[in-house]
Amino acid sequence: METEESRQWENDTELFDMMEEQLYAAVISDALDAAGFREQALSHTIRPLLPETVVVGRAMPVLCLDVYEIPDEPYQQEIAAVDSLKQDDVLICSTNGSTRICFWGELLSTAAQARGARGAVIDGFIRDVRKIMQMRFPIFTTGISPVDSNGRGDVVAYNVPIECGGVLVNPGDIVFGDADGVVVIPQAVETEIIAAALEKVSGENRTRDALREGATLREVYDKYGIL
């Protein structure tokens, strides 16, 4: 249950800034495990474009599928999806494992960044990576290819539940990614999961200090229950 003491933020921007600074994917995954949510880590194939990348924000899910003809009016739903992004959103896209689609690129990154989005997680390929890296826009992806999406893939729905990287993602869930991978916190339990993750960080800090002072791993584990 949320209390005045447990809440350390006034809005999503403050919450996500705090999470980016204090938390990491592994400790959030542990907190999810402890609460019974054991399938919240996206596939290991979804990796940050830059190793130091951290992304955290509200999920804005997008579903993209393979197509095999060039439409008369390309990019319509793709444009609508990106234009619908809000402050502190993370666009999270499923291509159902396609290797034909480059859904994301530098211009979409520019548009998303200008709208206040905090990053994108793409279960699929991206392109324009040099320019995206220069922008420092946080991106997670399964691969890179130079091809355009036109005639290869199309957005069929957005801001709807999707399965991305093997995890069900609903609009408004919290997405967190770093060098270890991407985890999704269901919105209904976000307060308790974040509080538990913060508490575990404190315990890990105490454990680390004790180990550095020469305590054995057994002694520290028996005392703190953290490994």
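Q: Which helices and strand each supply at least two residues of the lining of the largest pocket?
A: In this predicted model, the largest pocket holds about 260 Å³ of space. Of the 17 residues that line this pocket, the closest to its centre are Tyr75, Glu78, Leu107, Leu108 and Asp148. The elements that each supply at least two residues of the lining are α3 (76-83), β4 (102-104) and α4 (106-114).

Q: How many nonpolar, polar and charged residues does the lining of the largest pocket have?
A: The lining residues include Tyr75, Leu107 and Leu108, together with Glu78 and Asp148, which are among those closest to the pocket centre. Sorted by class, the lining of the largest pocket has nine nonpolar, two polar and six charged residues.

Q: Which residues of α7 make the contact with α6?
A: Helix α7 (residues 217-224) packs against α6 at an angle of about 155 degrees, with the axes 10 Å apart, and the two helices are therefore roughly antiparallel to each other. From α6, the contact is made by Arg206, Thr207, Ala210 and Leu211. On the side of α7, the residues are Leu217, Val220 and Tyr224.

Q: Is the crossing of α1 and α6 left-handed or right-handed?
A: In the other pairing, α6 passes α7 in a right-handed crossing. The crossing of α1 and α6, by contrast, is left-handed.

Note on methods: Residues numbered from 1 in each chain as written. Predicted model: local features only at pLDDT ≥ 70, side-chain atom pairs only at ≥ 80, totals over all residues. Heavy atoms only, no water. Left-handed = near helix turned anticlockwise from the far one by under 90°. Helix = DSSP H or I, 4+ residues; strand = E, 2+ residues; numbered from the N terminus. 1 Å grid on protein atoms, 1.4 Å probe; cavity = no way out; pocket = protein on both sides within 12 Å on 5 of 7 lines; lining within 4 Å. Points joined across faces, edges and corners; volume = space filled by probe spheres on them. Nonpolar A, V, L, I, M, F, W, Y, C, P; charged D, E, K, R; others polar. Axes fitted to C-alpha atoms, helices over the stretch in contact; angles between N-to-C directions. Parallel < 35°, antiparallel > 145°, perpendicular 65-115°, else oblique. Contact = heavy atoms within 4.5 Å.
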